[in-house]
Amino acid sequence: DMMMQDSAYSMETRVEDTTISGSGHSSFLTGVHRDKHNVHGNSFGDANYQEYPYWFDLLKYERPEMHTAAYHNWLPMADAALDFSVCGYCVDMYVTGSDDSIASRLATDLGTKQMDAVTIVIDAPDAAGHGYGYHPSIPQYVAAMNQSDAWLGMMMDAIFARTNYAEEDWMVIISSDHAGSGYGHGSNIPEHREVPLIIWGADSPGTIWPAPDAVDIVPTALHHMGVEVRPEWGLDGRAVGLEPTGPPDAELGVNLVFNGDAELERGYWPSGQDASIPGWTDNGTLTTWEYGAPTYMLMDDPGPSDRGLNYFGGGTSASSMYQDIDLSAIQSDIQNGNITYSLTAFIGGYSTQDDRMEVLIEFFDSSGNLLHSGGIGPLYADDRNNTTGIFLRADIGEVPQSTAYVRVTLNAYLSYGMNDAYADDVSLVLERGTV
Ligand SMILES: [Ca+2]
Ligand SMILES: [Ca+2]
Ligand SMILES: [Ca+2]
Ligand SMILES: [Zn+2]
C-alpha cells in the first residue's frame, strides 16, 4: 500500500497466453512474445535467447559500466538465459537459492554494493497456490503473499538505507508471470492471464490505460536507465507510466472505437498463439493476426485500402470481445436529441468456410438498462461469394437521448478448423443530424 501511492499500476496486466512460468518469465525478462523467444512451456531447448536476450544484455550493450545482478529461486529459465553462450558477460552477479535466502542476500547486497539493475524472482505465492489453492480465502496463499510483501519491505528498506540514496533514482517494478485458480494455471483465461503490474518510481503515478502487457516491463526499465530501445532489438512492448493515461473523452464526428484497426500492438502469424487485445475486454481466443499468411488473409485480398499490418481473427475457438465507450463528455448533445450513430466495419472470412464475424452495438443508460441495439453481420461464406476477404458493412441509427455509454462487441463464430472470422477498421461515429 505504501508503494501503490507513488506507482503507476494496473491490476489487469496481460501476460503470455500459455500462463506458464517458462514462457512468462521469458516474456517479462526479454520483452518479446513467445513466437520470438520461442519458449512455449517450461522447456528451453529451442529458446531463442541469442536473438532476444535477458534484458541485462540490452542494457550492457548501451551502458557497459552498469552493474547487473540476478536473484532467482526458479532456475530453469535463468540458467538458460544467463548462460555465457547467449548472454556473455551480461550478468555480474547471479545468485540462486530459496526465496528467503535470495531476498536476504539482495537486502545485504543493496547495502554494500554498486547496484544498477537487479532482478529477483520469488516462488512462494506460486508454490502456495499449487499446494493449497490460488485464492484470497486460502490462509496459506495469503500467508505466502504476506511473506513476499515482507521480503519486498526488507528490500525497499535496504534501498532507502543506501548511502547514496538521495542521489539515486530507483524504480521498482513488481509483477508476476501468471495468475492461477484452483490448484493451477496454464489456461488462456482471464483468471490466469491478468496480473498486477506496479511501477514504483514511475514518472506518472496512477492507473495505466489501456492495460499494459508483461512485455512492457523491459522497455519501461530500459527507459528508466536512460537507454533508448533500438528497433533492431525487436522488442514488443513500450515504456509505460510516463504520462497520465485514460480513455479519451468522447467527441462528435470522430471514431470512438479504441484500437478498432488492430494496429496498437503487433499481430501474430496465425497459429495457436493468442494476443490479449489492448483496449478491449478480450476473454477468449480472438486475436490480432498479421496480413500475408498463406490460407489466411493476404495484403491484396478484398478489404480496406488503409488496412495497416493487422486484422482481428477468431483464433482457435468461438470467441468474442467488447469495449464500453463512455459518452459523458457529449452527454448534453445526446440529451438534446438528433444524434445519429454510424457503426462500420470490414468483416468476412475464409473461402467457402462459414466462420463468420458479427459486430454488435448496444446503447445503455446510466443504470445499465439497454435502450437500443443494432449491428452488422454475421457475414456467411455465401454473403461474400465464397471469397476470402473482408467487406464494408454499416448500421446507421438514432442515439437514444438517455444514453450514457455504448458497448461494441465482436462475435467470432466458428464453423471449421481455425476460426477464420475476420474484421478490421471497426468504427463508431456519432454526429448531429437525423437518419
Ligand atoms: Ca488493420
Ligand atoms: Ca485473445
Ligand atoms: Ca476455419
Ligand atoms: Zn506454477
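1. Let's start with one residue. Glutamate 263 is partly exposed, with a relative accessible area of 27% (buried means under 20%, exposed over 50%, partly exposed in between, using a 1.4 Å probe and protein chains only).

2. Before going on, a word about the model. This is a predicted model, in which local features need pLDDT of at least 70, side-chain atom pairs count only at pLDDT 80 or more, and totals for chains, interfaces and linings use all residues, while side-chain values use heavy atoms, without hydrogens or water. Residues are numbered from 1 along each chain as its sequence is written, with chains lettered from A and ligands numbered from 1 in the order in which they are written.

3. How is the chain divided? It splits into domain 1, covering 4-233, and domain 2, covering 281-432 (the bounds come from an automatic or database domain assignment).

4. Now for the calcium ion (ligand 1). Its coordinating atoms come from Asp261 (O), Glu263 (OE), Arg307 (O), Asn310 (O), Asp424 (OD) and Asp424 (OD), at 2.4 to 2.7 Å (donors are N, O and S atoms within 2.8 Å of the metal, or 3.2 Å for Na, K and Ca; water is not among the atoms, so sites may look incomplete).

5. What does the pair of glutamate 263 and asparagine 310 tie together? Parts that are 47 residues apart in sequence, because glutamate 263 sits in the loop between helix 10 (217-224) and strand 8 (281-282), whereas asparagine 310 belongs to strand 10 (residues 310-315). (Helices, H or I with at least four residues, and strands, E with at least two, are DSSP runs numbered from the N terminus.) The two residues also have their own accessibility classes: glutamate 263 is partly exposed, while asparagine 310 is buried, with a relative accessible area of 3%.

6. Which residues coordinate the zinc ion (ligand 4)? The donors are Asp126 (OD), Asp126 (OD), His130 (NE2) and His185 (NE2), at 2.1 to 2.5 Å. Their spacing in sequence is D-x3-H-x54-H. Histidine 130 is part of helix 7 (residues 124-132) and histidine 185 is in the loop between strand 5 (172-174) and helix 9 (190-193), so the two tie together parts that are 55 residues apart in sequence. As for accessibility, histidine 130 is partly exposed, with a relative accessible area of 38%.

7. Glycine 133 has its place in the loop between helix 7 and helix 8 (139-160). Is glycine 133 buried or exposed? At 5% relative accessibility, glycine 133 counts as buried. Although glycine 133 and tyrosine 183 are 50 residues apart along the chain, their C-alpha atoms are separated by 4.6 Å.

8. Finally, the disulfide. How many does a search of the whole structure find? The search finds 1 (a disulfide is a pair of cysteine sulfur atoms within 2.5 Å). Cysteine 87 and cysteine 90 form this link, with their sulfur atoms 1.8 Å apart. Why is the disulfide right-handed? Because the torsion about the S-S bond of cysteine 87 and cysteine 90 is about 90°. Cysteine 87 counts as buried at 3% relative accessibility, and cysteine 90 counts as buried at 2%.
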